Amino acid sequence: MIFDTHAHYDDEAFDPDRDELLLGMEAAGIGRIINVGASLDGVQASQELADKYLFIFAAAGVHPDHVGDLNDDKMQWMYRLCGREKTVAVGEIGLDYYWDKESHELQKKWFAAQLAMAKEADLPVIIHSRDAAQDTFDLMKKEHAGTTGGVIHCFSASAQMAQEYVKLGYYIGIGGVVTFKNARVMKEVAAAVPLERILLETDCPYLAPAPHRGKRNSSLLLPLVVAQIAQIKGVAPEEVEQVTYENAERLFMD
Ligand code: NI
């Protein structure tokens, strides 16, 4: 069984066939999915998907591109959602200096506030970091330091940075990028991080693995990621599935 720890099934890319697709997951070996909030609408939609499907769980959090929509009332609302049974994480939260939609100061302010919310709610965090590796690490070390654990989603920094996060008690999320031909660093990361610290994720509808690169992604394509990690680690695909499933259970379901 596969645990997809990061999906966005509320995305409009799934509007034509969302229910049909989700109803086929269990038969295809996808045991659990976390639907991750990015915008405030995404936070709400993640709750609705978790209410509708037994195997879907929700994360509540606002992506750095959308923190301009946050205020104290919205934080209160998210904090209440964190208390619901199927809310298993705060995310995705972090810093994005690539798209740079909001000022760095505003991004840092709401990242810190959402890290504090996770601590208060005793939930792990799902971290988004793009072109902001050092600032993300410094803030997490200062504000969170592995208090409730978490995952660095779609990890894109160096293998050395991955090991620093592992030392702090975090997991590293690996998805379709590891299958790309030119993804040398991601393959190094997969080799350097112990299997006991790796989580599988799609970030669907984005980041479909090769040979589907550029097309719509879904949890059904995760076996391609499993195969690539298995090859890098020199273990059987079944072992990658089982160990990463147990990792996700330990982080999100305990
Ligand atoms: Ni995402």
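Me: What should I know before I start?
Reply: Residues are numbered from 1 along each chain as its sequence is written, and side-chain values use heavy atoms, with hydrogens and water left out. As the model is predicted, local features need pLDDT of at least 70 and side-chain atom pairs count only at pLDDT 80 or more, while totals for chains, interfaces and linings use all residues.

Me: How do I read a helix, and what span should helix 4 have?
Reply: Helices (H or I, at least four residues) and strands (E, at least two) are DSSP runs, numbered from the N terminus. The expected span of a helix is 1.5 Å times one less than its number of residues. Helix 4 has 18 residues, 104–121, so it should span 26 Å; its end C-alpha atoms are 25 Å apart, which agrees. After helix 4 comes Asp122, with a positive phi near 55°.

Me: Which residues of helix 4 are buried?
Reply: Buried means under 20% relative accessible area, exposed over 50%, and partly exposed in between (1.4 Å probe, protein chains only). In helix 4 the buried residues include Trp110, Phe111, Gln114, Leu115 and Ala118. An α-helix has 3.6 residues a turn, so residues three or four places apart point the same way.

Me: Which residues are the protein donors of the nickel ion?
Reply: Donors are N, O and S atoms within 2.8 Å of the metal (3.2 Å for Na, K and Ca); water is not among the atoms, so sites may look incomplete. Here they are His6 (NE2), His8 (NE2), Glu92 (OE) and Asp203 (OD), lying 2.2 Å from the nickel ion. His6 lies in strand 1 and Glu92 in strand 4, so this pair ties together parts that are 86 residues apart in sequence. Both His6 and Glu92 are buried.

Me: How many salt bridges are there?
Reply: A salt bridge is a side-chain nitrogen of Lys or Arg within 4 Å of a carboxyl oxygen of Asp or Glu. A search of the whole structure finds 10. One of them joins Asp17 and Arg216, whose closest N and O atoms are 2.9 Å apart. Asp17 lies in the loop between strand 1 and helix 1, and Arg216 in the loop between strand 8 and helix 8, so the pair ties together parts 199 residues apart in sequence.

Me: Is Arg216 buried or partly exposed?
Reply: Arg216 counts as partly exposed, at 34% relative accessibility. Asp17 is partly exposed too, with a relative accessible area of 22%.
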